[in-house]
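Dear colleague,

Please find below the structure that I am handing over to you. My notes on it follow directly after.

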Amino acid sequence: MTRPVSLAKISARTRSQVGLSSKLEKRLTMYAVAATAAGVGLFSAPKAQSEIVYTPAHVKMDQVNGFYPIDFDNNGVVDVGIWLPASCSTGECVAAMFGYPNSQVGNGVVLAKSQQFVNAMLGRSHIDHHRKFLVADRTMGAFEIINHGTSSHTSRWVGPWANGGEGVKGRYLGVRFAISGQFHYGWVRISFVTGSNNSFYGLLTGYAYETIPNQPLRAGQRTEADGTGTTAPPAVITPIIEPPTLGHLAAGSRALSRWRRQASVDNSK
């Protein structure tokens, strides 16, 4: 059985195999270059008075290899995304949910203490400079099937968001992201929902950020201590879809269906 840390490598593996990540990086680079060329006028200038801006959302994230972009301050630059890659090799198949910050401008996501996965933060957890932020994509939760031969397989759920197959409700992804070259803190509220046949999806139900650079906030916080805050219009998030093309996934949906049937049989043993 492979160790959970191996899942951290799926990102590098799927960049070359699936071809999604390289396209995303070019897209994010384009955003970053455009923002730099345009100067600070492209960005929403932080307000002098501290304020938390909350954006409600209700987005079911269930597209294989789908990338769901989040723009905290609505300035046209992707700050962080939720990515659902799927990859198969000779020895294993993995379907995962990733936190994917825009590393082109130094954005990052809060790591769990083990530093193997993205932290599934509880409400009211502090998001500040004391946290370990990873400026790269990393697994939140995943389901893995390991092939031990022609008729032997094992499967498992890994990562704090998967929670051993139970999933989690209303946990928080902590984020650090740049506006006009200065870092701000924010959170994204997500449920990791598991279903039959070892399936899962993410449910994004809102996000918020602090308008003052380097000003801490708590996961789930929507207003300042004095009760002030702004609620933006509900987010409309359309995923960027890249079809899988590697190995067992080369056959498209038929291969995925076969994988899921195999997982179901294995799970019933």
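The paragraphs below set out what was found, beginning with the chain as a whole and then turning to its parts.

Please note at the outset that this is a predicted model. The chain contains three helices and 17 strands. Of its 269 residues, 51% are buried. The accessible surface amounts to about 12,200 Å², and carbon and sulfur atoms account for 52% of that area. Among contacts with a separation of 6 or more, 67% are between residues 24 or more positions apart.

Strand E12 and its partners

Strand E12 spans residues 168-179, and nine of its twelve residues are buried, so the strand is largely enclosed by the rest of the structure. E12 pairs with strand E7 (residues 108-110) in the antiparallel sense, over two bridges. In this pairing, valine 109 lies opposite valine 175 of E12. E12 also runs antiparallel to strand E13 (residues 182-194), to which ten bridges join it. One of the pairs here is alanine 178 with phenylalanine 183 in E13. Two residues lie between the strands in the hairpin of E12 and E13, and serine 180 in this hairpin has a positive phi near 55°.

The nonpolar cores

The largest nonpolar core has 35 residues, and Ile82 and Leu204 are the ones that touch the most other members. At least two residues of this core come from each of the strands E2 (59-61), E3 (66-70), E4 (80-83), E6 (92-101), E10, E12, E13 and E14 (200-210). The greatest contribution is that of E12, which gives five residues. As general background, nonpolar side chains in soluble globular proteins tend to be buried together.

Neighbours within four places in sequence aside, isoleucine 82 is in contact with Met61, Gly66, Phe67, Tyr68, Ile70, Met97, Phe98, Met140, Leu173 and Ile190.

Strand E1

In strand E1 (residues 52-55), Ile52 and Tyr54 point one way while Val53 and Thr55 point the other way, and all of them are buried. E1 is joined to E14 by four bridges, and the two run antiparallel. Within that pairing, isoleucine 52 is opposite glutamate 210 of E14. E1 also runs parallel to strand E16 (residues 230-231), with two bridges between them. There, valine 53 has threonine 230 in E16 as its bridge partner.

Salt bridge and disulfide

A search of the whole structure turns up one salt bridge. It is formed by arginine 156 and glutamate 144, whose closest N and O atoms are 2.7 Å apart. The pair links distant parts of the chain, with arginine 156 in strand E11 (residues 153-158) and glutamate 144 in strand E10 (residues 138-147), twelve residues apart. Both arginine 156 and glutamate 144 are buried.

The structure also holds one disulfide. This joins cysteine 88 to cysteine 93, with an S to S distance of 1.9 Å. The link between cysteine 88 and cysteine 93 is right-handed, at 115° about the S-S bond. Cysteine 88 and cysteine 93 are both buried.

Two individual residues

Phenylalanine 143 belongs to strand E10. Its relative accessibility is 4%, and phenylalanine 143 therefore counts as buried, the limit being under 20%. The C-alpha atoms of phenylalanine 143 and serine 155 are 7.3 Å apart, although twelve residues separate the two along the chain.

Glutamine 63 is placed in the loop between E2 and E3. With a relative accessible area of 36%, glutamine 63 is partly exposed. Its C-alpha atom is 9.2 Å from that of isoleucine 240, a residue 177 positions away along the chain. Leaving out neighbours within four places in sequence, the contacts of glutamine 63 are Tyr68, Leu84, Pro239 and Ile241.

With kind regards

Key
Residues are numbered from 1 along each chain as its sequence is written. This is a predicted model: local features need pLDDT of at least 70, side-chain atom pairs count only at pLDDT 80 or more; totals for chains, interfaces and linings use all residues. Side-chain values use heavy atoms; hydrogens and water are left out. A salt bridge is a side-chain nitrogen of Lys or Arg within 4 Å of a carboxyl oxygen of Asp or Glu. Buried means under 20% relative accessible area, exposed over 50%, partly exposed in between (1.4 Å probe, protein chains only). Two strands pair if DSSP finds at least two bridges between them. A nonpolar core is a set of buried Ala, Val, Leu, Ile, Met, Phe, Trp, Tyr and Cys residues joined through side-chain atoms within 4.5 Å. Contact means heavy atoms within 4.5 Å. A disulfide is a pair of cysteine sulfur atoms within 2.5 Å. Accessible areas come from the Shrake-Rupley method with a 1.4 Å probe; for residues, only the protein chains shown count as cover.
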